[in-house]
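Keep the viewer open as you read, and turn the model as each residue comes up.

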Amino acid sequence: MPGGINVKICGLTDRQSVRVAVDSGARYVGFVFFAKSPRHLEPAAAAELAAVVPEGLCKVALTVNADDAALDRLIEAVPLDMLQLHGSETPDRVAEVRQRYGLPVMKAVGLAEESDLPRLDDYLRVADQVLVDAKPPRTAVLPGGNGLAFDWRLIAGRRWSVPWMLAGGLTPDTVAEAIAMTGAQQVDVSSGVESAPGVKDAALIRAFIAATSAHAI
Ligand SMILES: O=C(O)c1ccccc1N[C@@H]1O[C@H](COP(=O)(O)O)[C@@H](O)[C@H]1O
């Protein structure tokens, strides 16, 4: 969105929250297709939510190491604008998915320390965007959506050759500082706008998006 921060609200599971996200100015809305997640949706349910999203906003499907059969089913059922690959997909797999479905692909990469950064570079030639997220703890059930932040100083002042989005433990209280420190022009949130895992909170969604607008002014 020219002149402002692009916000993605991820893990939406109900119509009311989709409406709040859209009305508050979200540029991306994310649906999770990963059975272990409390935000998991079946494709038919996602199709109903997608119908609430106005033309021009980006409907993103988050998948984790999904195979072609699963992606075929998803794309057949849900009108999508972007695929977010949030597992251990290789650069070759990212290129394959992009080619097979003709949709823009955003590849998530988890960071915990400086030595994680080169992995991000591996995706710049194959992904349309990269999502810079916190690396999940070894014992985590989910590869993302854990409400954990990484040390933003790791990417302060860094730029990449494709558009990128900052994620990981962002909240209405922290997002302005995260933007200021990293220079992110796009931010993604899931846990930070929930009252319980998988339950989005309208007031938190509004507050999060307002906090990014306050930054832009
Ligand atoms: O949200 C989930 O359940 C999820 C499941 C599997 C992979 C990623 C998931 N969420 C994504 O993780 C980041 C950070 O989320 P959070 O704000 O820290 O909760 C974000 O991109 C979510 O889309």
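The largest nonpolar core has 63 residues, and among them I9, I155, L166, V187 and F208 touch the most other members. A nonpolar core here is a set of buried Ala, Val, Leu, Ile, Met, Phe, Trp, Tyr and Cys residues joined through side-chain atoms within 4.5 Å. Buried means under 20% relative accessible area, exposed means over 50%, and partly exposed lies in between (1.4 Å probe, protein chains only). A second, separate core of 9 residues includes C58, M82, A108 and M165. In soluble globular proteins, nonpolar side chains tend to be buried together.

Contact means heavy atoms within 4.5 Å. Not counting residues up to four places away in sequence, I9 touches A21, A26, Y28, V29 and G30, and also V189, V193, K200, I205, F208 and I209.

## What kind of model this is

This is a predicted model in which local features need pLDDT of at least 70 and side-chain atom pairs count only at pLDDT 80 or more, while totals for chains, interfaces and linings use all residues. Residues are numbered from 1 along each chain as its sequence is written, and side-chain values use heavy atoms, with hydrogens and water left out. The average pLDDT of the chain (the predictor's confidence in each residue, from 0 to 100) is 96, and 97% of the residues score at least 70. The model scores are ipTM 0.98 and pTM 0.95.

## The overall fold

The chain has 7 helices and 10 strands. These are DSSP runs numbered from the N terminus, with helices (H or I) of at least four residues and strands (E) of at least two. The C-alpha trace spans about 40 × 40 × 35 Å along its principal axes. A compact globule of 217 residues would have a radius of gyration near 17 Å, and the 16 Å of the chain agrees with that. That radius is taken over C-alpha atoms, and the globule rule is 2.2 Å times the number of residues to the power 0.38.

Buried residues make up 51% of the 217 residues. Among contacts between residues at least 6 apart in sequence, 57% join residues at least 24 apart. The accessible surface comes to about 9,700 Å², and carbon and sulfur atoms hold 51% of this surface. Accessible areas come from the Shrake-Rupley method with a 1.4 Å probe, and for residues only the protein chains shown count as cover.

The table lists relative accessibility for several residues.

| Residue | Relative accessibility | Class |
|---|---|---|
| K107 | 0% | buried |
| V109 | 1% | buried |
| E194 | 10% | buried |
| R93 | 16% | buried |
| R98 | 37% | partly exposed |
| N65 | 43% | partly exposed |

Which side chain does K107 meet in a polar contact? The partner is the side chain of E89, at 3.2 Å. A polar contact is a pair of N or O atoms within 3.5 Å; within protein, one must be able to donate a hydrogen and the other to accept it, and residues adjacent in sequence count only if both atoms are side-chain atoms. Leaving aside neighbours within four places in sequence, V109 contacts R119, L120, Y123, L131, V132 and D133.

Beyond four places in sequence, R93 touches A66, D67, D68 and L71, whereas R98 touches L103, V105, V126 and D128. R98 and V126 are 28 residues apart in sequence and 8.1 Å apart in space, C-alpha to C-alpha.

N65 is found in the loop between β3 (58–63) and α3 (68–77). Its phi is near 50°, a positive value in a residue other than glycine. Most residues other than glycine have a negative phi.

E194 lies in strand β9 (residues 194–196). A polar atom of the E194 side chain lies 3.1 Å from the backbone nitrogen of G198. The C-alpha atoms of E194 and G11 are separated by 9.7 Å, although these residues are 183 apart along the chain.
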